[in-house]
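Student: I'd like to go through how the chains in this model touch each other. Can we take it one contact at a time?

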Amino acid sequence: MAGPTPVSALIHAATMVTAGIYMIARSNILYTMAPVTQSVVAIVGLTTAILAATIALKQNDIKKVLAYSTVSQLGYMFLGLGVGAYTGAVFHVMTHAFFKALLFLGAGSVIHAMAGEQDMRNMGGLKKNMPVTHLTFLLGCLAIAGMPPFSGFFSKDEILAAAFANNSLLWIVGVIGAALTAFYMFRLYAMTFTGKFRGSDAQANHLHESPSAITIPLIILAILAVVGGWVGIPEIFVHGGHRLGNFLAPVFAQSLAHTPPPQLEHSKELIIMGISVLLSLIALLYAWKKFSKYNKGSEKENAIGNLLQNKWYVDEIYDAVIVKPLHNLAVFFNNVIEKNIIDGFVNGVGKAVNYGSRQMRWLQSGQVGAYVLLMVLGMLTLFIIQLFL
Amino acid sequence: MNAIIFSAAWGIVMMFSGVFIKSKQAPVYLAITGILLLFCVNGFELYYGHSFFNINTHDMLRTSSFNLSFLAVVFGCTLIYFLLSGSDIKKVGEHVGEYFALIFFVLCGVALSATFNTLLLLFLGIEIISIPLYILTGSSKLNLKSNEASLKYFLMGAFSTGIMLMGIAFIYGGNTAASFYINNITLGSGPAPVMIIVGMVFLVISLSFKVSAAPFHFWAPDVYDGAPTVFTSFMSTIVKVASFFAFVRLFENAFGNIQNQWQTLIVFIIIATLLFGNITAIFQQSVKRMLAYSSIAQAGFMLFAVFAINDRAREGLILYSAAYSIASIGIFAVLAKMNDYTIEGFNGMAKEHPVLAACCTIFLLSLTGIPLTAGFQSKFFMLMAAVQNGHSFWLVIVAVLFAAISAYYYFRIIQAMYFKDTETPISFNDHISKGFRFMLAVSASLIIILGIFPELLLGWLYH
Amino acid sequence: MGTYITFPELLLWLPLLGGIACFFMKEERSVKAWSLVIALLILAVSVATLFYTDGKYATYNNVNYIWLKYLGNSFYIGLDGASRLLTFLTAIGFPLIFLATYKNKYKNPASFYGLMLLSQAGLMGVFISMDALLFYFFWELALIPVYFLCSSWGGERRIPATFKFFVYTFVGSLLMLVGIIYVYLHTGQRSFEDGTISAHSFALSSFYNASLSAADQNWLFWLFFAAFAVKMPVFPFHTWQPDTYDQAPTSVTMVLSGIMVKMGLFGVIRWLIPILPLATIKFTHIVMILSIAGMIYASFLALVQDNLKKLVAYSSIAHIGLMCAAIFAMNELSVQGVMLQMFNHGINIIGLWIVIDMIEQQTGVKHISKLRGIAIKAPILTIMLVIIALANIALPLTNAFVGEFMMFAGLFAYNTWYAVAAIISIILAAIYTLNMIRKIFYGDTNSLTENMKDISFNQQLVLGLIVVLIFIMGVYPQPVIDLTKSAVTNLLKI
């Protein structure tokens, strides 16, 4: 996230964050054979999805929102892996790559126009100045929010359907997460592109649409974000529409043979699909409406808001539970064990020898009488050793 | 036999040289000639196996390749001593010839105590060694410390002489053969009569005194410190190893077959000696005194020869005598030329006198027992002897730990010479001549050569 | 070749005579050039040895002179897989060190370079000697030049620090000497070509066949281990190391950490395990626990070091701990990994020291808290260091990854929990290494670093070579594995 925007786009969309998903998908048979581990994966995924989504609700840095949304989407992919929807997870990796790259590059375009400003509270109403960025960004938002027929809809739906088939609780939480996604993405959209411009005058004068070197990639990615999901249309709409599923089938063949995925009735599938789309749509519209009228300082402080703004204090908890104790342990090792005990012992031997030397010197008094006495004592000792031991 | 007669004769020659020759330098050359001849006549006996003199000693003296090669080492070391320190002996006082005469008498005593075969000749030998030393210790007439040391040495030496005589008397009384011959003292390896054991303990005590083994070493630091440095050099090396040789020969021949009955005693003495010598040496600020203690510590290692008594021990003793004597004589020779005896006095020597510093370093490394030096080989042989002996193996480990401690004080001098700087140049009481540096370098190379090829020395043993 | 002079002799005499010659030179430039030429010659010989490994070249690789024959000793030096690898490391280490520090000024350069070459001779001797007494000789002799080097040219507290180092290792090696004597007295007789027969033998093969009871082995093990543990060093015998590395002149520190610590590992491989197999099996757990506890402990200490040199010292202790544990795991994977890693660790740590030396030469400080923003001033240096540091934490594609992976796999096969505990130190390594990079290279420059210049051509050359080696060994370690395969299988046969 902190990297240059194109690097963030690359990392978040394609390379690093998805490596873990790929690894689990690739070694799917191991996880299929270990159901407990798989459940752990699902729960970790879901928790990540929800936690990151809630954090994204309160962030004001445009790239931070996107970064947390990546974490949240990763959670979905893990959920998919955890419930056995390997195809769905890989599918989501792909669609996510399209729209997340689009969103990051769009954000980059915005930041460029704002002369390096990243705080959304200082933006607003950019759609007039940046029509191409605005339109493509909107398409990206719709895709990530899971609005049909954009790409995110198909992949997210596949994961949620599998979650439902596995355990309806997973699905309920998952749908809430999806709604949150729609909310924070349109909060981002509304704060950035709608309403009045809230930045400084200098920034206002600087506003401009980005050059084609930036907009052309945005347009290409926007097209992909729209149509990218069409390689995986579920059975209920188009028979044999899941081309990606067929393409990947050999990879997951063993896992699927071991535990065949539970089949949902078509009616049920339609209903759950409807519910999640509807909820997301409501969240989307609410956010759009609310944040179009955003003014600086209009948000009220509250405890939950603070908690979310500070990312559930995860960093602080890590710091307190892991980093600090480890550091203290290291300091303890360094100051007490290393310097006092081990080195203290080593140097202590030297000191003891020195001390002994100083004490033994007193035997050498220089008095012949004392020497003879000591010699006689020595003789006695020798006789005792020889005759009695 | 050659050595005894020749050394006594040359002693007399040296004594009268003072009457006929007034030059102070001439006796030095005379003495060097004498020691060279002594070395040669002894070498002749070693090489050809018979003496010039055909005297019936009634087996009271016995020569063998072992004691003759030991004598060769002693005379060789004395030669080095004369070459290195001859000019310093000259400076001790007026009667240069007499000092050399006394030294030759000591050598006569050494030859006697190396070849003795009866307790009486042992006593004679030891006394002939001791009495000239009392005089040499006090030879710096105007120096109070020297006089004090001489008196102390004499008093305590008399004490130990008495003990030795008492021991001999006990053994004579307890001995069924009523004989002074050492081979007849203990027959068989059963428990020896108490009289003999008591006599033996008295002998251990008096010989421990002579080799300055703890707890009978108290005279040594004071005497070594008080005596003129050149004579300290002689006393703490050549004389000491001679006493050791007598010690080993006595115990090998007289008590060898009851070894298990006295080994504990020797173990005690070894540990006490290593402990006193090494630990006390650490604190010393004067290099001369430090060397005195170090000579006690080295005695602890040499006692392994008495402890073990086997082939390795005999070889080790010969090697040790050479390695220890050459190294100590070398350092004392440098020390004798210096005005400041403290360790700080050596500061910065490497820069001003690189040859001196390098040689001293080799001597000190040898005393510590670092490989490639004769000191290592000698310690190595001693340790091998002790391990081979099989008794009290832990003693060997204790000994090597003390050897590590000895590095502490030897390396202090190396550190001073190489790593510390000094503002004032080192002051010498004498010109450091080219010849001196050359001799020092020769001695250092000897240490290295013996460290690589100890057979050169040991080959004589099996001639 | 073979008839007149053999490889091991060249490896030994070249540095020895070259070093002695140094003492008689006057000019700084000629001394430096001379020692570099000698070091390069040795490297050339060492490279040649890698091509004559076949059994039919035995006469090129082994030579046996008479020395202390009546004790059953000889001057037998020879090359096998393990010694070839380590002599090669020694041979490649010295020219790198000489080149990297070519511009450094030393007072009395003749002695400095002379002693450096003498220490190289000692190291070579340790790796090629096939007689126990000879081995002990070189073991001590490698130490003496280093003692003088550190005490003369080191930092402020050099004398006490070096002396501590000396006494530590001296005690260890004396205990080993006692062990050697004991084993020697339990060997069979040795007969020489000329008919001489000695009662016992110092030959390596006789030591392998010494008749030692299990009870004897039990305490002999600790006598030998004392020497090797101090040299490596294994916790808790390590306290000499950080001080010495800190106080020694950097080029000596490179010798110490890059090459000399391998003496300990080599000793375990050649002189401890094969001679005392029963005791090795018995005490494996103790040694492993010591090594692994030491790894974690040292890594923790590295976390809080402000002094760059001490940080690298502790990191090296952790790495060596892993190698020690892996040797005792005694399976093919782990021991092979150790062989590989002995070489890799040597290269990497020399690289690290070179960078630290450059920083210290230019800024005069070695404390992390005082350095900032070097990346701006010296980008090439930074890139090089980052690559070397990543190799230090064993990232894939770097040489250390291969070695450490093999060692961990071997350790895992021996005992899962040991492997898991050991892996903690890898995580800690990543923390302290990356933290160090972040602190000293990034951010703005400060008064100490603002005038820094990037590295010179020599240094680029050396670091470039090291980086190339890192990648080559990381991608294609097979040659080293082939080279040491027979040594590994021989060891495991026991």
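Predicted model: local features only at pLDDT ≥ 70, side-chain atom pairs only at ≥ 80, totals over all residues.

Student: How many residues does the contact take from chain B, and how many from chain A?

Tutor: Count each side separately, using that 7 Å cut-off. The contact takes 23 residues from chain B and 21 residues from chain A.

Student: Which element gives the largest share of the side of chain B that touches chain A?

Tutor: Start with the elements of chain B that give two or more residues: α6 (144–174), α7 (194–210), α8 (219–226) and α10 (259–283). By class, that side divides into 19 nonpolar, two polar and two charged residues. The largest share is eight residues, and it comes from α10(B).

Student: Now chains C and B. Which element gives the most to the side of chain C that touches chain B?

Tutor: Here the contact takes 23 residues from chain C and 20 residues from chain B. On the chain C side, α6 (132–141), α7 (143–153) and α8 (158–184) each supply at least two residues. With 12 residues, the one that gives the most is α8(C).

Student: Last one, on the strands of chain C: which residue is the bridge partner of C:Asn64?

Tutor: Strand β1 (residues 62–66) of chain C pairs with β2(C) in the antiparallel sense, over five bridges. Strand β2 (residues 74–78) is mostly covered, with four of its five residues buried. In β2(C), the partner of C:Asn64 is C:Tyr76.

Definitions and conventions
Residues numbered from 1 in each chain as written. Chains lettered and ligands numbered in written order. Contact = placed C-beta atoms within 7 Å. Nonpolar A, V, L, I, M, F, W, Y, C, P; charged D, E, K, R; others polar. Buried ≥ 20, exposed ≤ 12 C-beta atoms within 10 Å, placed from the backbone. Pairing = 2+ DSSP bridges.
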